[in-house]
Amino acid sequence: MPQRTKGMGSDMENVAIYAGSFDPITYGHIDIIERGLAIFDKVIVAIANNMEKRSLFTVEERLQMIRDIFKETPNVVVDSFKGLLVNYVAKTNAKVILRGLRATSDFEYEFHMASMNRSLDTHLDTLFMMTSKDYFFVSSRTIKEVASLGGAVDGLVPDLVVRRLKEKFKLPVPKRKQIGWDD
Ligand code: ADP
């Protein structure tokens, strides 16, 4: 079982870790984070730095985008980690892993992961939140597919992400919006 050390968050705080690829972050993710904030004092958004998974955005770019989106929300901490999630969680004072469920197809994988994580660290629980009706069909993968073909993903990801996607796929970005990360 991983040794728990003092890290991000005090013992008194009720902290959850929301881990994922966030390549890129969508309003589906943001909805889960915001609903998590209604339950937890702090949500740590942890970007999995998984070399095996080919990503569109670098970890640095994803960190920057998510930090920018939550710049006015001090109880959202954005970080990245390598290796086992349970080892990362042990470095924080989080007791709960937060996950979102979109469809029954998510369930089997999530069920296995939650069971495996609990077997690796028996103190650790996973809390699942059902997706909101507006975002059940939104995944980072479909966002990338649609955006790469020039389709509009406005309303499904923040404007900042729309711009970064256009830049990545070398699609026209309105001039005044080309500078900086701010909306
Ligand atoms: P994706 O599956 O979109 O590539 P991640 O790997 O970053 O996303 O997923 C991180 C967590 O967010 C997972 O628990 C995933 O099920 C959840 N999630 C992703 N998109 C949504 C959504 N639209 N609604 C609810 N939860 C979501």
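**Stop 1: a strand pair.** Select strand β2, residues 42-48, together with β3. The two pair in the parallel sense over six bridges. Two strands pair if DSSP finds at least two bridges between them. Now pick Val45: opposite stands Val78 in β3.

A word on the source. This is a predicted model, in which local features need pLDDT of at least 70 and side-chain atom pairs count only at pLDDT 80 or more, while totals for chains, interfaces and linings use all residues. Residues are numbered from 1 along each chain as its sequence is written, and side-chain values use heavy atoms, with hydrogens and water left out.

Helices (H or I, at least four residues) and strands (E, at least two) are DSSP runs, numbered from the N terminus.

Stop 2

Stop 3: Contact means heavy atoms within 4.5 Å. Angles run from 0 to 180 degrees between N-to-C directions, and axes are lines fitted to C-alpha atoms, for helices over the stretch in contact.

**Stop 4: a helix pair.** Select α2 (residues 59-69) and α6 (residues 159-168). Their axes are 10 Å apart, and the packing angle is about 155°. The two helices are therefore roughly antiparallel (over 145 degrees). Show the side chains of Glu61, Met65, Asp68 and Ile69 on α2, and of Leu160, Val161, Arg164 and Lys168 on α6: these make the contact. How do the residues of this contact divide? Four are nonpolar, none polar and four charged. Here Ala, Val, Leu, Ile, Met, Phe, Trp, Tyr, Cys and Pro count as nonpolar, Asp, Glu, Lys and Arg as charged, and the others, Gly among them, as polar.

**Stop 5: backbone exceptions.** Most residues other than glycine have a negative phi, and most peptide bonds are trans. Go to the loop between β1 and α1, where Phe22 lies. Phe22 is not a glycine, yet its phi is positive, about 50°. At 2% relative accessibility, Phe22 is buried. Buried means under 20% relative accessible area, exposed over 50%, partly exposed in between (1.4 Å probe, protein chains only).

Stay in this loop for Pro24. A cis peptide bond joins Asp23 and Pro24, with omega about 0°.

Then jump to Lys170, in the segment after α6. Its phi is positive too, near 55°. Is Lys170 buried or exposed? Lys170 counts as exposed, at 74% relative accessibility.

Zoom out. The protein chain has six helices and five strands. Along the sequence, the pattern reads β-α-β-α-β-α-β-α-β-α-α. Of its 183 residues, 44% count as buried. Among contacts between residues at least 6 apart in sequence, 75% join residues at least 24 apart.

Terms used. Angles under 35 degrees count as roughly parallel, over 145 as roughly antiparallel, 65 to 115 as roughly perpendicular and the rest as oblique.
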